[in-house]
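User: I would like to go through the labels given to this structure and see what each one rests on. Please set the values against the cut-offs as we go.

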Amino acid sequence: MEEVGDTLYDENTSELLNRLLADERSRLLYQALQHLGEQKREILTLQYYGGLSQKEIAVLLKLSPENIRVLAHRGKRELKEYMEVKGYDIL
């Protein structure tokens with residue numbers, strides 16, 4: 001019976017650790033997003049947190065879809081560079 005208790009404890013501990021790691025990644029990503037320009041931050045936020053397509057974002061922001069694509073790409077590149085400089089694990 002103790003084995004079952006240990007298994008539950010291990011699963012709960014593992015779940016808690018996974019949640020803590022996910023929360024930490026979210027915090028680090030939020031922090032990195034704050035270092036982007038307002039427009040790039042808005043585009044990435046709408047795309048990844050708002051679930052909008054680049055075409056929908058283009059209409060909303062009154063920019064061309066190509067402009068949104070380029071700004072999103074540059075924003076992601078800047079996020080990656082920022083996180084690498086800070087020594088964050090980007091995987």
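Analyst: A salt bridge here is a side-chain nitrogen of Lys or Arg within 4 Å of a carboxyl oxygen of Asp or Glu. The model is predicted, and the structure holds six salt bridges.

User: Why is the pair Arg 27 and Glu 24 called a salt bridge?

Analyst: The N to O distance between the side chains of Arg 27 and Glu 24 is 2.7 Å. The cut-off is 4 Å, so the pair Arg 27 and Glu 24 counts as a salt bridge. Both residues lie in helix H1, three residues apart, about one turn of the helix.

User: What makes Arg 27 partly exposed, and what makes Glu 24 partly exposed?

Analyst: Partly exposed covers values between the buried limit, under 20%, and the exposed limit, over 50%. Arg 27 has 43% relative accessibility and therefore counts as partly exposed. Glu 24, with a relative accessible area of 34%, is partly exposed too.

User: How do you know that Arg 77 and Glu 81 meet in a salt bridge?

Analyst: Their side chains are 3.9 Å apart, N to O, and the definition asks for within 4 Å. Arg 77 and Glu 81 both lie in helix H4, four residues apart, about one turn of the helix. Arg 77 is at 41% relative accessibility, so it counts as partly exposed; Glu 81, at 42%, is partly exposed as well.

User: What makes Lys 80 and Glu 84 a salt bridge?

Analyst: The closest N and O atoms of Lys 80 and Glu 84 are 3.5 Å apart, which is within 4 Å. This pair also lies in helix H4, four residues apart, about one turn of the helix. Lys 80 counts as partly exposed because its relative accessibility is 44%, and Glu 84 counts as partly exposed at 42%.

User: Is Lys 40 buried or exposed, and how do you know?

Analyst: Lys 40, in helix H2, has 18% relative accessibility and so counts as buried, the limit being under 20%. Leaving aside neighbours within four places in sequence, Lys 40 is in contact with Leu 71, Arg 74, Gly 75 and Glu 78.

User: Why is the link between the side chains of Lys 40 and Glu 78 called a polar contact?

Analyst: The distance in that contact is 2.5 Å. A polar contact needs a pair of N or O atoms within 3.5 Å, so the distance between Lys 40 and Glu 78 meets the cut-off.

User: Is Gln 47 buried or exposed, and what does it touch?

Analyst: Gln 47 lies in helix H2. Its relative accessible area is 18%, so Gln 47 is buried. Not counting residues up to four places away in sequence, Gln 47 touches Leu 52, Gln 54, Ile 57 and Ala 72.

User: What makes a set of residues a nonpolar core, and which members touch the most others in the largest one?

Analyst: Members must be buried nonpolar residues joined through side-chain atoms within 4.5 Å. The largest core has 15 residues, and Ile 43, Leu 44 and Leu 79 touch the most other members. H1, H2 (38-49), H3 (54-61) and H4 (65-85) each supply at least two residues of this core, with the largest share, six residues, coming from H4. Beyond four places in sequence, Leu 44 touches Leu 33, Leu 36, Tyr 49, Ala 72, Gly 75, Lys 76 and Leu 79. In soluble globular proteins, nonpolar side chains tend to be buried together.

User: Why is Leu 20 called partly exposed?

Analyst: Leu 20 is in helix H1 (residues 2-33). Its relative accessibility is 48%, so Leu 20 counts as partly exposed; exposed would need over 50%.

User: What makes Lys 62 exposed, and what is its phi?

Analyst: Lys 62 has a relative accessible area of 74% and is therefore exposed. Lys 62 lies in the loop between H3 and H4. Its phi is near 60°, a positive value in a residue other than glycine.

User: How do the elements of the chain run from the N terminus on?

Analyst: They run α-α-α-α, with four helices and zero strands in the chain. Of its 91 residues, 20% count as buried.

Technical notes: Residues numbered from 1 in each chain as written. Predicted model: local features only at pLDDT ≥ 70, side-chain atom pairs only at ≥ 80, totals over all residues. Heavy atoms only, no water. Buried < 20%, exposed > 50% of the residue type's maximum accessible area, 1.4 Å probe, protein only. Contact = heavy atoms within 4.5 Å. Polar contact = N/O pair within 3.5 Å; in protein donor to acceptor, adjacent residues only side chain to side chain.
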